[in-house]
Amino acid sequence: MPTTVATEAQMHTAEEQLENARMVLKYWEAHHKGPVNRWDYFTEDARIYFPTRDDYPIPEKAGPAKEIFKQIGEEYANRGFKYDVEVHSVYTCGPLVILHRTDIRKVEGQPDKPVPAVGVFVVKNGKIVGWSDYYR
């Protein structure tokens with residue numbers, strides 16, 4: 001159990017929460033259209049967590065975003081598949097932006113494989129400081 005608890009000095013206004021959601025959605029859209037400068041959206045010390053699944057081709061990842069993005073780039077290269085993503089809903093609460101979505105794995109000659117997911121982003125000062133994905 002942590003020995004300290006982080007608290008916000010003041011609550012986020014509705015407009016601040018909407019701006020956080022807009023920024024995350026802007027990143028999400030750019031990320032799935034092709035190469036994107038992630039550091040326009042993430043802090044230098046951002047952290048990421050991606051779990052593994054039996055049917056997910058990459059092992060669990062947790063740690064500094066720069067390191068994780070590099071590992072994923074190397075592991076995904078030339079695997080013969082891609083993902084389309086359908087965002088169903090977006091929720092915000094303070095610094096959190098939650099994307100309820102379906103990742104659709106596409107492999108030529110095989111049926112699409114939908115993977116229900118939730119992405120939880122923590123935003124501070126207009127940049128992502130944390131991103132955790134959870135799959136069903």
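Trainee: Let's start with V87: buried, exposed or partly exposed?

Mentor: Keep in mind that this is a predicted model. V87 has a relative accessibility of 30%. Buried would need under 20% and exposed over 50%, so V87 counts as partly exposed.

Trainee: Which residues make the nonpolar surface patch of about 180 Å²?

Mentor: V87, which sits in strand 3 (residues 81-93), is one of them. The patch covers about 180 Å², and its members are L25, V87 and V90.

Trainee: Now the rings. How many aromatic pairs are there?

Mentor: Ring centres have to lie within 6.5 Å to count as a pair. By that rule, the count is nine.

Trainee: Take Y27 and F42: what kind of aromatic pair do they form?

Mentor: Their centres are 5.1 Å apart and the planes make an angle of 85°. Planes over 60 degrees apart fall in one class, so Y27 and F42 are edge-to-face.

Trainee: And how many residues apart in sequence are the parts that the Y27 and F42 pair ties together?

Mentor: Y27 belongs to helix 1 (residues 14-31), while F42 belongs to strand 1 (residues 42-50). Both Y27 and F42 are buried.

Trainee: What about F121 and W131, which kind of aromatic pair is that?

Mentor: Here the centres are 5.0 Å apart, with 25° between the planes. The cut-off is under 30 degrees, so F121 and W131 are stacked.

Trainee: Which strands does the F121 and W131 pair tie together?

Mentor: F121 is buried at 0% relative accessibility, and W131 is buried at 4%. The two are ten residues apart in sequence, F121 in residues 113-124 and W131 in residues 127-135, so the pair ties together strand 5 and strand 6.

Trainee: Which residues form one aromatic cluster?

Mentor: W131 is in contact with Y27, W28, F42, F50 and F121, among others. The cluster takes in those rings and Y41 too.

Trainee: Last one: which element gives the most to the largest nonpolar core?

Mentor: That core has 20 residues, and those with the most contacts inside it include V24, Y27 and I128. Among the elements giving two or more residues are strand 1, helix 2 (65-76) and strand 4 (96-107). The top contributor, with five residues, is helix 1.

Key: Residues numbered from 1 in each chain as written. Predicted model: local features only at pLDDT ≥ 70, side-chain atom pairs only at ≥ 80, totals over all residues. Heavy atoms only, no water. Phe/Tyr/Trp six-rings, centres within 6.5 Å; stacked < 30°, edge-to-face > 60°. Helix = DSSP H or I, 4+ residues; strand = E, 2+ residues; numbered from the N terminus. Buried < 20%, exposed > 50% of the residue type's maximum accessible area, 1.4 Å probe, protein only. Core = buried A, V, L, I, M, F, W, Y, C linked by side-chain atoms within 4.5 Å. Contact = heavy atoms within 4.5 Å. Patch = residues over 30% accessible without salt bridge, like charges linked within 9 Å, V, L, I, M, F, W, Y side chains within 5 Å. Areas by Shrake-Rupley, 256 points an atom, 1.4 Å probe, with all protein chains shown as cover. Salt bridge = Lys/Arg side-chain N within 4 Å of Asp/Glu carboxyl O. Lists of a residue's contacts leave out its neighbours within four places in sequence.
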